[in-house]
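Look at the model below and follow its chain by residue number.

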Amino acid sequence: MTGLERFMEAKRREVEELERLGAEKLRPWRGERPSFSRALARGGAGPLAVIAEYKRASPSRGVICESLEPEDVARQYKEAGAAALSVLTEERWFHGHISYLSRMASAMGQGGESRLPLLRKDFLFHPAQVAATLATPASALLLIVRLTPSARTLRDLRERAEKGGVEAVVEVFDEEDLALARESGAHVIQVNARDLASLRVDREACLRLIEKCPPKAGELWIAASGMSCRADLEEAAKRGFSAALVGSALMEEGRPGEALAALLGTQEAEDAD
């Protein structure tokens with residue numbers, strides 16, 4: 001069984017439970033959702049905007065850091081200069097939970113202007129999962145082309161999310177994925193350097209894709225996986241990415257705020273002061 005198949009299997013029971021409970025009847029979040037795409041377009045302290053991730057574990061690394069609560073990490077990332085936060089909510093393999101979205105939003109304050117936008121990162125492929133996301137303060141959700149290899153399905157899920165005020169980040173791995181994402185009308189494209197079937201990372205493949213198929217007008221591109229140092233951010237920015245999603249490299253030492261500040265170069269500025 002491939003990595004992607006394992007993830008799908010882990011989510012099927014969740015989808016069945018959401019359908020049983022009537023997820024479509026969940027009360028949508030009524031608070032303000034900070035704009036995810038505007039936050040990335042504004043950039044940040046580093047070469048490009050950084051989406052800092054709360055990531056407790058992964059199938060490739062095992063437990064990464066479970067000693068820090070989501071509230072602590074949200075505050076650290078905000079202070080260190082993150083443009084947005086990615087929150088892993090998958091339970092079995094990544095030890096996440098959908099409640100982390102509300103907890104991290106609350107930790108940053110109630111006002112929309114005081115909060116960083118949150119991306120729900122999970123394996124989402126069903127309308128019930130979109131409905132469940134709309135009941136949280138997430139500003140964006142992740143849709144992976146290889147989980148929904150149909151432009152019509154992707155478009156339907158994206159439009160359901162956008163109707164509820166949540167942006168869709170559509171993840172691709174290669175040219176075929178990108179063509180399908182564009183056919184579905186995706187505006188925010190995330191290129192994952194990690195092949196979800198084999199779990200291997202190939203950063204050069206990610207960079208080659210944007211070079212061969214540059215962003216079209218209105219598209220915002222995010223580089224994900226394998227981003228661990230400032231040189232990685234600079235190279236991604238040089239190739240045309242607007243943002244980078246960084247997770248393991250920030251969480252692995254248990255000091256995510258310090259790690260992000262060092263990555264962005266803000267730590268040096270603070271030390272100089």
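Start with the surroundings of valine 170. Setting aside neighbours within four places in sequence, valine 170 is in contact with Leu143, Val145, Leu154, Ala181, Ala186, Val188, Ile189 and Gln190. Keep in mind that this model is predicted. Valine 170 belongs to strand β7, which covers residues 167-172. Is valine 170 buried or exposed? Its relative accessibility is 1%, so valine 170 counts as buried; the cut-off for buried is under 20%. Now find arginine 152. Arginine 152 and valine 170 are 18 residues apart in sequence. In space, their C-alpha atoms are 13 Å apart.

Next, go to threonine 133. This residue sits in helix α5. Threonine 133 has 0% relative accessibility and therefore counts as buried. What does threonine 133 touch, beyond its neighbours within four places in sequence? Its contacts are Arg33, Arg120, Leu124, Ala138 and Leu141.

Now turn to the aromatic rings. A pair of aromatic rings is described by two things: the distance of the centres and the angle of the planes. The count here comes to five aromatic pairs. One of them joins phenylalanine 7 and phenylalanine 123. Their ring centres are 4.4 Å apart, and their planes stand at 20 degrees, so the pair is stacked; planes under 30 degrees apart count as stacked. This pair links distant parts of the chain. Phenylalanine 7 is in helix α1, residues 3-21. Phenylalanine 123 is in the loop between β5 (118-121) and α5 (127-134). The two residues are 116 residues apart.

Compare a second pair, tryptophan 221 and phenylalanine 241. The pair is tilted, with 6.1 Å from centre to centre and 55 degrees between the planes. Tryptophan 221 lies in strand β9 (residues 220-224), and phenylalanine 241 in the loop between α9 (230-239) and β10 (243-246), so the pair ties together parts 20 residues apart in sequence. Tryptophan 221 and phenylalanine 241 are buried.

Rings can also join into groups. Ring pairs link Phe7, Phe94 and Phe123 into a cluster. Arginine 6 lies over the face of tryptophan 93, at 5.1 Å from the ring centre.

Last come the empty spaces. Rolling a probe the size of a water molecule over the atoms shows where empty space is left. How many cavities of 30 Å³ or more are there? The count comes to three. The largest cavity has a volume of about 60 Å³. Its lining includes Ile144, Val145, Glu171, Val172, Phe173 and Arg194. By class, that lining has five nonpolar, one polar and five charged residues.

Then look for the largest pocket. About 410 Å³ of space lies in it. Its lining is made of 29 residues. Which of them lie nearest the centre of the pocket? They are Lys55, Lys121, Arg194, Ser225 and Ser248. The elements that give two or more residues to this lining are β6 (140-144), β10 and α10 (248-251). By class, the lining of the largest pocket has 13 nonpolar, eight polar and eight charged residues.

Key. Residues are numbered from 1 along each chain as its sequence is written. This is a predicted model: local features need pLDDT of at least 70, side-chain atom pairs count only at pLDDT 80 or more; totals for chains, interfaces and linings use all residues. Side-chain values use heavy atoms; hydrogens and water are left out. Helices (H or I, at least four residues) and strands (E, at least two) are DSSP runs, numbered from the N terminus. Buried means under 20% relative accessible area, exposed over 50%, partly exposed in between (1.4 Å probe, protein chains only). Contact means heavy atoms within 4.5 Å. On a 1 Å grid over the protein atoms alone, a cavity is a set of points where a 1.4 Å probe fits but cannot get out, and a pocket is an open set with protein on both sides within 12 Å along at least five of seven lines; lining residues have an atom within 4 Å of a point. Grid points are joined across faces, edges and corners, and a volume is the space filled by probe spheres set on the points. Ala, Val, Leu, Ile, Met, Phe, Trp, Tyr, Cys and Pro count as nonpolar, Asp, Glu, Lys and Arg as charged, and the others, Gly among them, as polar. Rings of Phe, Tyr and Trp (its six-membered ring) pair if their centres lie within 6.5 Å; planes under 30 degrees apart count as stacked, over 60 as edge-to-face and the rest as tilted. A charge sits over a ring if NZ of Lys or CZ of Arg is within 6 Å of the ring centre and within 35 degrees of the ring normal.
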